[in-house]
Amino acid sequence: MPLTSELTLASSPRAAADARRWVGDICRRLERDDLVECAELGVSELVANAIIHADAPFKVRVRGTASHPRIEVEDGSTSPPVPPAPVPHDDLDLLLTFGRGLAMVAQCALAWGATIENDGKIVWFEPAPQMSDAASAEWVIDHHDEPGAEPTSEAAVEVRLLGMDVPLYTSLAQQYNELRRELRLLSLSHQSDYPLAGDLTAMFANFERQFPDSYRDQVQVAERKGQPRVDLSFAMVREAAPIFTTMSEMFDVADAFCRAERLLSMARTPRQRDLQNWLLAELVHQLGGAEATPWAGPPPEGTRTSQVG
């Protein structure tokens, strides 16, 4: 089982115990036995809290890095959790006996927080080597800022992406969003340990800013209609081409980090990589004056997709 897999939980009394065993096993496979106790306690409380107060689906996963693993519990409610008030030391025995939800998570964590998304939320924590007497772990609010206004120019080029595979693109977008979130959380929680995370987060934001709203609108319409393929047409400035070349290389480096489990996120599948390489190559080529080439599906088995450049 890959470390980057996730566990889907049933809405039952067994869910917390299942999550606890699964997370403990992942920590041991990461050779982080020192984190097992706090990881198991924290995830038990998060799962119990989700099942009582939130909606399905419920999922648990481990992300971050081997040095700073992060336990995440996802549910279907967009209501944000309420950070607990500090717990007096005299109440510690009561906490250990009965649990106090998010207060106990804070005692088990080096840092913790939540990400609110359109269809649910993710509550996460980084397990500490030992439980603290006070719920003093830093609470991090994670949110994704919408891209700024796209660059404009009177010399903008009309770009066409023909026959794009909509379901495959949707799965690629999910993988991209998770990778972007990983970098953003690393830059928020561990800037000194991962100084490049902030720079890469800025690169992602600049990359997204090159796509006009009309591009995103056309994709969303195709997704809502359940279209298997779609032709997109939108204007883009020529100066964006070097950004796409750089990002193509960066995505390959990110895949290598994920596969080596230096970054506990999902690498692109071969089909996702093929689609993204085609998309970025089309943007670069058409911004350079070439005609549009429709998406023809993955290349024949045994061949490699050419790099953008």
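**Figure 1. Cys108 and the closest cysteine sulfur in the predicted model.** The sulfur of Cys108 has its closest cysteine sulfur in Cys38, at 4.4 Å. That separation is too far for a bond, because a disulfide is a pair of cysteine sulfur atoms within 2.5 Å. A disulfide is a covalent bond between the sulfur atoms of two cysteines. Cys108 is buried, and its relative accessible area is 0%.

**Figure 2. Cys27, a buried cysteine.** The relative accessible area of Cys27 is 1%, so Cys27 falls under the 20% limit for a buried residue. Across the whole structure, a search finds zero disulfides.

**Figure 3. Gly113 in strand E4.** Strand E4 covers residues 109-117, and Gly113 is one of them. Is Gly113 buried or exposed? Gly113 counts as buried because its relative accessibility is 0%.

**Figure 4. Surroundings of Gly113.** With neighbours within four places in sequence left aside, Gly113 is in contact with Ile122, Val123, Trp124, Trp139 and Val140. Ile141 is 28 residues from Gly113 along the chain, yet the C-alpha atoms of these two residues are 5.7 Å apart.

Figure 5. Of its 309 residues, 50% are buried. For contacts between residues at least 6 apart in sequence, 73% join residues at least 24 apart. The accessible surface of the chain is about 15100 Å², and carbon and sulfur atoms account for 53% of this surface.

Conventions. Residues numbered from 1 in each chain as written. Predicted model: local features only at pLDDT ≥ 70, side-chain atom pairs only at ≥ 80, totals over all residues. Heavy atoms only, no water. Buried < 20%, exposed > 50% of the residue type's maximum accessible area, 1.4 Å probe, protein only. Contact = heavy atoms within 4.5 Å. Areas by Shrake-Rupley, 256 points an atom, 1.4 Å probe, with all protein chains shown as cover. Helix = DSSP H or I, 4+ residues; strand = E, 2+ residues; numbered from the N terminus.
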